[in-house]
Amino acid sequence: MTEVALPAPEPGESSPPEGAATLGGRSAGDIVYRTLTTAFAVAIPVLLGFITFEVVAAAWPALRVFGFGFLTSSVWDPVRNQFGAAPMIYGTIVSSILALVLAAPLALGVAIFLSEFCPRWLRRPLAFFVDLLAAIPSVVYGLWGIFFLLPLLREKVMPFLATTLGLGNTPFFSGPAYGNSMLAAAVILAIMILPYISAVAREVLMAVPRSQREAALAMGATKWEMIRDAVVPYARTGILGGVILGLGRALGETMAVTMLIGNRHEISASLFAPGYTLASVIANEFAEATTVLHTAALMACGAVLLVVTLVVNAIARWLVWSVGREPRS
Amino acid sequence: MVGLMGFAALLATLPLIFVLIHLIRQGASSIDLAFFTRMPRPVGEAGGGMANAITGTLILVSIAASIGLPVGIGAGLYLAEQRGARLATTVRFLSDVLNGMPSIVMGIFAWHFLVRPVGHFSALAGGVALGAMMIPLVTRATEEMVRTVPTALREAALALGYPRWRTSVAIVLRTALPGIVTAALVAVARIAGETAPLLFTAFGNQFWSVSLSQPIASLPHTIYTYAKSPYDDWHRLAWAGALVLIALVLVISILARFVTRSRHGGVGD
């Protein structure tokens, strides 16, 4: 702690600064300030708890009726008031994991380039440019996706995958190419999470001590061998944390996914098929949910999402911090 | 290997370039004064603008800032000054967890807290959802900015007889203020683009409304509605709106980088 402790003013000695009432050496202003800032700081965990409480309370009517079966049932029948979130859970997991598969190697490549190979003058602008991807609003990604990504996928990429590469015979790329599909959602998610993974990876790679790099080079490693065998393994935990952070973002992403995934309540092995995610079902169906149970079922999807992202984000933060980045505590 | 990594870096910059190019191509021709001042026209009629949406976004952001800024700056000051205390570590961790919360979950929270009990959608509920999202952004930025203020400055003030609270507020906070203001602007830019929390709190409104207890239009929500629609005219407006939104966000982000660049000596911020 770097605070300088002031001795309490003795009675009769130098008077306290004007305007400061003193209570045993501490001015009233200090107490007010301390109380206020502590209160605001405590507001954050309180808010988090309150949010969790409210979301679970909103979901309660549906959770009470369906119980754990909500997570495993695929039936979504507003007419008969039967709801099951399995297709949404499947869609959320598949789209996020696929987005990670697409984005993580790319993000790691960008981070390695920026931290090891990039000429100094290019480093800052390029890093800033990649980070700008995170600043684009989700709905703009969705808009761009509808009018450019979907036609591109529908007319070029999907036929290429299905016929030219012959993957159309496998169950993962079968079915008609509508455009709106799990693949489209995964691609846009990959673009959206790339800057997060890249930023964390870049930081942890740069935090690897010089001694590690120099030791590898002294043993005769080439620059690439140094990176592959000394730098990246050292930063492994932090990079993993960054990847999981990206996963957390992908799980919760709503607007762009709603606009691109096709919104269909079915589990399908094919990436060309439309799907659904926990977040996009809420966005899509809320305005049409007329019965209390329907609304509560949607909120229950939100509650599942809340719990999952809470856990994933906590793991990610813990991993990133444990790599000796700028020590936070 | 260099080539492969460089190629990855190039590939990563392509989406941004493509998005910007397409936005400008599709949207630039539709932006004129009418876009900012006219109300939306009925479907099928040409013209019309997004005046209600732009005003709505301004109102929502104001409500959000009135919640997010005090709490964020207060919490940031606390974290910067009580760096190692157990409460501080916990709050810092939970603030990051709150930061990663999906925006639609924030919307659910505000819906259950502010919409369901009163039975109607409101701008206030939307503002509260956005404000809750703003808190962790401002907290983290305030903490970092306050930590860059040299300890010598604080000690000099204390040596001159300033009480601790006055040192923190009048000296330290004021020194860190440019960075905090910039970070607040960046946070505002981020939440101005959020749609999901507004879907069932502010709900959107085709008409002009500035009332806090009524549904209100907002720029990203209107873009979403228009993008989903089958009408070409609405698509055109959606592109224009998206261009305005992204111009706002990008300009603020670039300005923020310029202002804070000189503070951090390091590379690749």
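Here is a short chat about a predicted model with chains A and B.

Visitor: Let's start with chain A. How many helices and strands are there in it?
Guide: Bear in mind that this is a predicted model. Of the 329 residues of chain A, 47% count as buried. As for its make-up, chain A has twelve helices and four strands.

Visitor: And what pattern does chain B follow along the sequence?
Guide: Chain B has zero strands, but ten helices. Read in order, that gives α-α-α-α-α-α-α-α-α-α.

Visitor: What share of the residues in chain B is buried?
Guide: Along its principal axes, the C-alpha trace of chain B spans about 70 × 60 × 35 Å. The chain has 269 residues, and the buried ones make up 55%.

Visitor: In chain B, what percentage of the contacts between residues at least 6 apart join residues at least 24 apart?
Guide: For chain A, residues 24 or more positions apart account for 75% of the contacts with a separation of 6 or more. For chain B, counting contacts between residues at least 6 apart in sequence, the share joining residues at least 24 apart is 73%.

Visitor: Which residues have the most contacts inside the largest nonpolar core?
Guide: That core has 199 residues. Its largest share, 20 residues, comes from α6(A). Leaving out residues up to four places away in sequence, A300(A) touches A59(A), A62(A), L63(A), F70(A) and A85(A). The residues with the most contacts inside the core are I188(A), A300(A) and C301(A).

Visitor: Now the two chains together. Which helix gives the largest share of the side of chain B that touches chain A?
Guide: Here 73 residues of chain B are in contact with 77 residues of chain A. The chain B side divides into 48 nonpolar, 19 polar and six charged residues. Its largest share, 13 residues, comes from residues 2-27 of chain B, helix α1.

Visitor: At what angle do α3(A) and α1(B) pack?
Guide: From α3(A), the contact uses L106(A), G109(A), V110(A), I112(A), F113(A), L114(A) and F117(A), while the α1(B) residues include V2(B), L4(B), M5(B) and G6(B). By type, the residues of this contact are 13 nonpolar, two polar and no charged. α3(A) passes α1(B) in a left-handed crossing. The axes are 8 Å apart and the angle is about 115 degrees.

Definitions and conventions: Residues are numbered from 1 along each chain as its sequence is written. Chains are lettered from A and ligands numbered from 1 in the order in which they are written. This is a predicted model: local features need pLDDT of at least 70, side-chain atom pairs count only at pLDDT 80 or more; totals for chains, interfaces and linings use all residues. Helices (H or I, at least four residues) and strands (E, at least two) are DSSP runs, numbered from the N terminus. A residue is buried if 20 or more other C-beta atoms lie within 10 Å of its own, exposed if 12 or fewer, and partly exposed in between; C-beta atoms are placed from the backbone. Two residues are in contact if their C-beta atoms, placed from the backbone, lie within 7 Å. A nonpolar core is a set of buried Ala, Val, Leu, Ile, Met, Phe, Trp, Tyr and Cys residues joined through C-beta atoms within 7 Å. Ala, Val, Leu, Ile, Met, Phe, Trp, Tyr, Cys and Pro count as nonpolar, Asp, Glu, Lys and Arg as charged, and the others, Gly among them, as polar. Axes are lines fitted to C-alpha atoms, for helices over the stretch in contact, and angles run from 0 to 180 degrees between N-to-C directions. A crossing is left-handed if the near helix is turned anticlockwise from the far one by less than a right angle, and right-handed if clockwise.
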